[in-house]
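Please read this note with the model open beside you.

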Amino acid sequence: MADAPAAFEDRADKSLLIVDDDRPFSTRLARAMEGRGYQVRVAESVTDGLAAIETEPPAFAVIDMRLGDGNGLDVIERLKSRRPDARGVILTGYGNIATAVTAVKMGAFDYLAKPADADEIHAALMAQPGERALPPENPMSADRVRWEHIQRVYELCGRNVSETARRLNMHRRTLQRILAKRAPR
């Protein structure tokens with residue numbers, strides 16, 4: 001039987017790389033993870049993430065799937081080639097089975113849907129292989145998930161209502177009504 005990986009507290013290297021282009025999110029996450037004992041570096045693009053891995057591959061990584069200059073899977077792939085024992089978690093607002101499978105095949109240890117909090121991310125980084133994560137205490141409602149997706153597409157379309165409606169395959173007036181409402185809980 002192979003030795004179990006050392007517990008987090010026993011690991012000498014607690015370096016963590018966060019690669020996310022959402023600066024407020026990455027700043028909050030960095031502070032929270034530092035409070036859990038990690039030595040955190042933050043990168044805001046695929047290019048910066050790859051450069052950080054080349055200079056000093058971290059023991060842990062939290063990487064957004066979609067970044068302004070490319071795909072976070074490129075970062076996880078480079079991390080695993082430079083440091084095979086590293087644990088990387090992919091974060092995305094577009095969770096689906098195909099991308100989850102791809103992320104794991106490319107070396108991600110886990111795959112979390114946004115918004116994920118520091119507790120969920122820490123638990124994913126520390127999980128033993130094959131261990132199932134606990135269901136969230138307070139998951140988003142289906143209405144909230146739908147609203148978040150619409151907002152994301154709207155932002156990606158440069159706040160163009162007509163283009164967003166076309167891409168979401170919905171009537172423009174329906175979309176305008178949804179955008180005028182407050183976010184569901």
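Of the contacts in the protein chain between residues at least 6 apart in sequence, what percentage join residues at least 24 apart? The figure is 60%. A contact here means heavy atoms within 4.5 Å.

1. **Ground rules.** This is a predicted model, in which local features need pLDDT of at least 70 and side-chain atom pairs count only at pLDDT 80 or more, while totals for chains, interfaces and linings use all residues. Residues are numbered from 1 along each chain as its sequence is written, and side-chain values use heavy atoms, with hydrogens and water left out.

2. **Overall make-up.** The protein chain has eight helices and seven strands. Both are DSSP runs, numbered from the N terminus: helices are H or I with at least four residues, strands are E with at least two. The chain has 185 residues, and 38% of them are buried. Buried means under 20% relative accessible area, exposed means over 50%, and partly exposed lies in between (1.4 Å probe, protein chains only).

3. **Surface.** The protein chain exposes about 11200 Å². Carbon and sulfur atoms supply 50% of that area. Accessible areas come from the Shrake-Rupley method with a 1.4 Å probe; for residues, only the protein chains shown count as cover.

4. **Asp64.** Look at strand β3, residues 60–64, where Asp64 lies. Asp64 counts as buried because its relative accessibility is 3%. Leaving out residues up to four places away in sequence, Asp64 touches Val19, Asp20, Asp21, Gly72, Leu91, Thr92 and Lys114. UniProt, in an unreviewed entry, places the feature "modified residue: 4-aspartylphosphate" at Asp64. UniProt positions are given in the numbering used here, feature names are shortened, and annotations may be inferred rather than shown by experiment.

5. **Helix α3.** This helix covers residues 72–82, and its buried residues are Gly72, Leu73, Val75, Ile76 and Leu79. Seen down the axis of α3, they fall within an arc of 155°, so they line one face of the helix. The arc is that of the directions from the helix axis to the C-beta atoms. At the start of α3, a side-chain oxygen of Asn71 comes to within 2.8 Å of the backbone nitrogen of Leu73.

6. **Asp13 and Arg83.** The structure holds nine salt bridges. Each is a side-chain nitrogen of Lys or Arg within 4 Å of a carboxyl oxygen of Asp or Glu. One of them joins Asp13 to Arg83, with the closest N and O atoms 2.6 Å apart. This pair links distant parts of the chain, 70 residues apart: Asp13 is in the segment before β1 (15–19), and Arg83 is in the loop between α3 and β6 (87–92). Asp13 is partly exposed at 27% relative accessibility, whereas Arg83 is buried at 16%. Asp13, Arg83 and Asp85 are linked in a network of salt bridges.

7. **Glu44 and Arg23.** These two form a salt bridge, their closest N and O atoms being 2.7 Å apart. Glu44 sits in the loop between β2 and α2 (46–55) and Arg23 in helix α1, so the pair ties together parts 21 residues apart in sequence. Glu44 is partly exposed, at 30% relative accessibility.

8. **Arg167 and Glu163.** Arg167 is exposed at 54% relative accessible area. Glu163 is partly exposed at 24%.

Definitions and conventions:
A polar contact is a pair of N or O atoms within 3.5 Å; within protein, one must be able to donate a hydrogen and the other to accept it, and residues adjacent in sequence count only if both atoms are side-chain atoms.
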